[in-house]
Amino acid sequence: MEDILNLPVQDPPCVEFSAANLKWVKVEGGRQGGDDIALIPFARVEEFVKGESSNAECPASFRIESRRKRSEGSISKPRVDGYLEYTLYWCSYGPEDYRDSESGNGDGSNVKPATGKGSRPGRRHMMRGCLCHFTVKRLYTRPLLALIIYNQRKHVDKTGAPCHGILDRDAVGTRAMYAPRISEDLRQKVMSMLYVGISLDNIIQHHIEAVQGHGGPHNRDDFLTRNDVRNMERVIRNSSHELHVDDECSVKMWVQRHHKHVFFFQDYSVSEPFILVIQTDWQLQQMLHYGNNGLMSFHSTFGSKKLKYPLSTLLVFDSSHNAIPVAWIITSSFVGQFVHKWIGLLAERIRTKDPRWRLSAFLVDNPSFDISTISPNSVDTIEEFMQVFVDQCAFMDYFKSQWLPHIELWVTGIRSLPVTTPEPLAAIETYHLRLKSKLFHEQNVNFWPRVDWLIHTLTTEFHSLYWLDQYSMETGYFENLRDDSFSTNAWSQALHIPDVNVMLDEQNLQLAKIISQADRTLAYTIWNPGSEFSLCDCPWSRLGNVCEHVIKLAMVCKSRQVARPLLAAQVYRQALLSLLQNPPDDPLVLEYAIVHATRLQQDIKGLEELSNSGLLQPLPLEVNPHMALNHQLFPRLP
């Protein structure tokens with residue numbers, strides 16, 4: 001055991017992995033005459049447990065039999081295998097054996113198990129004496145590593161014979177052939193269906209059709225019963241956001257009960273703010289899927305005037321340009337001040353799951369993430385504006401206090417960071433409206449001051465809306481139950497506008513017009529068509545939103561190749577050249593800057609040739625507070 005730190009750290013590339021994917025080292029001694037040990041990243045322990053539960057010969061469900069934790073600094077001279085966290089996992093078909101006893105008859109019902117935590121009500125029918133178990137130690141001296149100690153790798157009883165699964169003859173034709181419980185994935189699926197209002201009968205009917213579709217039952221999930229669904233209905237009916245009268249205590253209790261959903265937690269103290277970052281398994285999968293080579297956006301400080309603590313969201317975008325929440329951040333401080341506490345950990349978590357995962361860009365909606373001195377030209381423009389209204393004292397006081405600081409921030413942000421395209425902007429606005437509709441309904445007004453209510457609503461009903469939308473898109477089921485806003489976002493509406501409705505003069509790209517779909521006698525005017533600062537005079541755009549007309553114009557300009565060079569491309573190129581002139585410490589970021597600076601140089605050269613040909617003309621731009629790209633929040637991910 002003194003040499004365990006010399007063992008290789010094994011990190012299989014598959015999403016879930018099992019003992020079969022690892023190389024084990026035998027250590028003499030132990031309870032069974034010798035233990036097998038291996039080192040893996042601590043962040044991948046959950047994937048290992050899931051992989052072990054999917055054993056084809058002996059499907060199982062490993063429960064946590066015991067758990068112990070220590071705080072850092074509690075040991076002055078830790079052993080090489082000393083732990084910060086110690087967790088014992090045991091197959092749910094053991095260790096007790098009730099195969100020969102008649103449940104509920106005679107004294108058998110009062111028999112206490114030889115090991116474990118006393119009697120296990122409701123699990124006697126599952127106990128078949130299985131001795132398969134392993135221990136996971138999060139090493140004290142290497143907290144990022146986990147030492148797996150497999151005490152008994154085979155699913156056998158004390159006689160050494162198989163006690164469940166297809167190798168156990170007595171289990172053939174019974175549920176003991178399969179895992180003892182439905183999987184967490186199926187549980188999440190059914191719970192989400194219940195939260196969005198799908199009835200028990202429809203859930204069972206859908207499940208039967210799905211099982212028949214893949215040729216009959218193959219695992220425990222395929223034996224989902226009405227009783228399973230009723231049990232989950234009961235859990236939902238009896239659940240409450242208020243675990244304790246005191247909100248702070250209630251939040252702490254939720255964190256303890258839902259540690260799998262808690263990515264980062266820091267309790268409030270005199271020197272540190274409250275920070276809670278929530279990410280479910282499903283959200284992590286969406287982040288891995290849609291974030292790779294895609295965009296990720298930061299939707300910040302929602303509900304700062306109504307909620308106890310403002311809510312921020314990390315978003316990715318699916319193929320239909322819908323924004324999907326992949327993490328929620330609740331903090332008592334301005335989120336940008338302490339983002340470093342968890343953003344690096346999130347990057348490491350993603351890289352652990354998929355080392356090849358890369359973001360194309362990270363979007364922020366608050367320019368104060370990266371502020372420099374306001375440009376002189378912008379100052380002149382603002383001063384000129386203020387001179388026009390110099391005699392309107394009340395208005396100028398209002399303007400200086402409410403608008404001037406924001407204008408300065410946005411102008412600086414737009415000059416220092418590229419501005420993104422309208423499609424993600426429209427998706428983010430739709431997410432914002434959906435979040436507002438769900439949380440700020442008048443019937444919830446008494447709950448706004450409680451953080452536990454916000455957490456409960458996000459992780460149950462709101463989470464289920466997005467799960468159902470993705471599930472419906474992937475399978476075609478329950479399309480009639482999808483939220484209409486998922487299929488009627490601005491991008492989807494733009495696809496339904498015929499090209500003939502677009503009036504665009506390629507010789508004069510100052511403005512364009514689009515005939516209304518609802519009223520063909522009405523035409524909307526779009527200024528700066530095809531640019532990141534396009535503006536429309538339709539009612540939806542006048543409210544400050546990105547409309548379908550702006551997106552349609554962007555599509556048309558791109559297809560006709562009449563779009564002018566974007567300010568975003570110039571700012572982006574300047575940022576890359578700045579990286580080359582001041583090389584960062586991370587070689588990954590430097591390599592990214594070199595590759596993309598070269599590519600942009602080629603693209604800009606081509607655009608300059610088009611401009612010299614007279615096909616492109618100078619484009620007047622107006623400052624518009626849209627989203628901005630910022631690669632600095634993910635220093636390890638270009």
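## Helix α6

The buried residues of α6 are W282, Q283, L284, Q286, M287, L288, Y290 and G291; buried means under 20% relative accessible area, exposed over 50% and partly exposed in between, with a 1.4 Å probe and protein chains only. Helix α6 covers residues 281–291, and eight of its eleven residues are buried, so the rest of the structure largely encloses it. Helices (H or I, at least four residues) and strands (E, at least two) are DSSP runs numbered from the N terminus.

The model is predicted: local features need pLDDT of at least 70, side-chain atom pairs count only at pLDDT 80 or more, and totals for chains, interfaces and linings use all residues. Residues are numbered from 1 along each chain as its sequence is written, and side-chain values use heavy atoms, leaving out hydrogens and water.

The elements against which the buried residues of α6 pack are β8 (275–278), β9 (295–302), β10 (311–317), β11 (323–331), α7 (340–353) and α11 (451–475). Just after α6, N293 has a positive phi of about 60 degrees.

## Aromatic pairs

The whole structure holds 24 aromatic pairs. Rings of Phe, Tyr and Trp (its six-membered ring) pair if their centres lie within 6.5 Å; planes under 30 degrees apart count as stacked, over 60 as edge-to-face and the rest as tilted.

W328 and F462 have ring centres 6.4 Å apart and planes at 45 degrees, so this pair is tilted. W328 belongs to strand β11 and F462 to helix α11, so the pair ties together parts 134 residues apart in sequence. Both W328 and F462 are buried.

F440 and W448 form an edge-to-face pair, at 5.4 Å centre to centre and 70 degrees between the planes.

Key: Contact means heavy atoms within 4.5 Å.
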